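Subject: Structure handover

Hello,

Here is the structure for your files. My notes follow below it.

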2 protein chains.
Amino acid sequence: MANISDIIEQFILKTLGEDQSVDISRNELASFFSCAPSQINYVLETRFTLDRGFVKESRRGGGGYIKISKINVEDDNYMNNLILESVGDDLSYKRLYQILEKLTYEKIITKREADIICASLNDESLAMPFTVKDSIRARAFKNVLTTLLLYKED
Amino acid sequence: MANISDIIEQFILKTLGEDQSVDISRNELASFFSCAPSQINYVLETRFTLDRGFVKESRRGGGGYIKISKINVEDDNYMNNLILESVGDDLSYKRLYQILEKLTYEKIITKREADIICASLNDESLAMPFTVKDSIRARAFKNVLTTLLLYKED
DNA sequence: AAGGTTTGACTTTCTTTGACCTTTAAAAAG
DNA sequence: CTTTTTAAAGGTCAAAGAAAGTCAAACCTT
């Protein structure tokens, strides 16, 4: 955790807190952390992604800003979207991991459940050629999500 | 004895101590012991294996690290036995299902967790040739069981 | 000779930096 | 009041840097 990106990520998460969104100023943040402004973009691109449940919006020019919003995972749209589109036909382990983090954070699954899914679908478990691996993972994970949806009914 | 690998092993074990995990920096360790960085990998591969109850996780790039976690293998004969013998190198879906029923009945896992494992490792998810399927399932399920051992602490 | 160790060259992944680009609000000019 | 200019944002992309991973050859031990 010695890299700036992680620190900035934590800072933004903390600033967000329980709120649904925050506005940040790219340049201010960058100068606060004494880093290149594009570093902020890097953090946003790698950490505040849709998979992890964030949506961004920004505006340039005077009084510009970047707004980071948490998406509402409550309703089944998020899960349905994951199943139908977001996951797609291929799913890397990394991406799976990020999605699981989000689902855990939103308390849709427990940490233990996330770990179970991870263990069964990581690269070591799925010991097979690259090309097939990601597609098997996608298929299997969609099945898991579908199973979870069944539990949401109650 | 007296070879660097053993010394590094001891050092890591000592650093671990009673803790459940440690973070190490491959390059730092290597330069501390004046050895090639890949020597560290060698030590990890030969000494901190799953069989011996260790799980590893790492990250490259700036601020990279290697995390070594210890799993509690204590006295859990049933799970250990499952991992080492019962499951074996091949595992049919039927057999998996039976084991999951047993684990659920014994309250080692919840029904929901069983369903999740089922969903991710059933024949539909693992869409691949028969010959490979059962061996992938065995491997994956063993990983799941190992992960569950991590939770046996509490 | 066999098996475990050690080393180093090469690869992959992730992060950091900086130069250059685009958009926009506000100010200046007409 | 409209148009033009300017400065203040944010965006993009590629190169450099910082780890860790891999693999095979050389080296020891028994």
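Across the interface of domain 1 of chain A and domain 2 of chain A, the rule finds two salt bridges. A salt bridge here is a side-chain nitrogen of Lys or Arg within 4 Å of a carboxyl oxygen of Asp or Glu. D51(A) and R95(A) form a salt bridge through their side chains, at 2.3 Å from N to O.

Before the rest, the ground rules. This is a predicted model, where local features need pLDDT of at least 70, side-chain atom pairs count only at pLDDT 80 or more, and totals for chains, interfaces and linings use all residues. Residues are numbered from 1 along each chain as its sequence is written, chains are lettered from A and ligands numbered from 1 in the order in which they are written, and side-chain values use heavy atoms, with hydrogens and water left out.

**The two domains of chain A**

Domain 1 spans 4–70 and domain 2 spans 76–150; such bounds come from an automatic or database domain assignment. Their centres, taken over C-alpha atoms, are 26 Å apart. Seven residues of domain 1 are in contact with eight residues of domain 2 (heavy atoms within 4.5 Å). Together the domains bury about 630 Å², with 36% of it on carbon and sulfur atoms. That is the accessible area (1.4 Å probe) lost on putting the two parts together, summed over both. In domain 1 of chain A, D51(A), R52(A) and K70(A) lose the most area to domain 2, together 76% of what that side buries.

**DNA strand C**

26 residues surround DNA strand C, each with a heavy atom within 4 Å of the strand. The closest are Y42(A), R59(A), K94(A), Y42(B) and R60(B).

Some side-chain N or O atoms come within polar-contact range (a pair of N or O atoms within 3.5 Å):

- S38(A): 2.6 Å from a base oxygen of DNA strand C.
- R60(B): 2.5 Å from a base oxygen of DNA strand C.
- S5(B): 2.5 Å from a phosphate oxygen of DNA strand C.

Best wishes

Notes. Polar contact = N/O pair within 3.5 Å; in protein donor to acceptor, adjacent residues only side chain to side chain.
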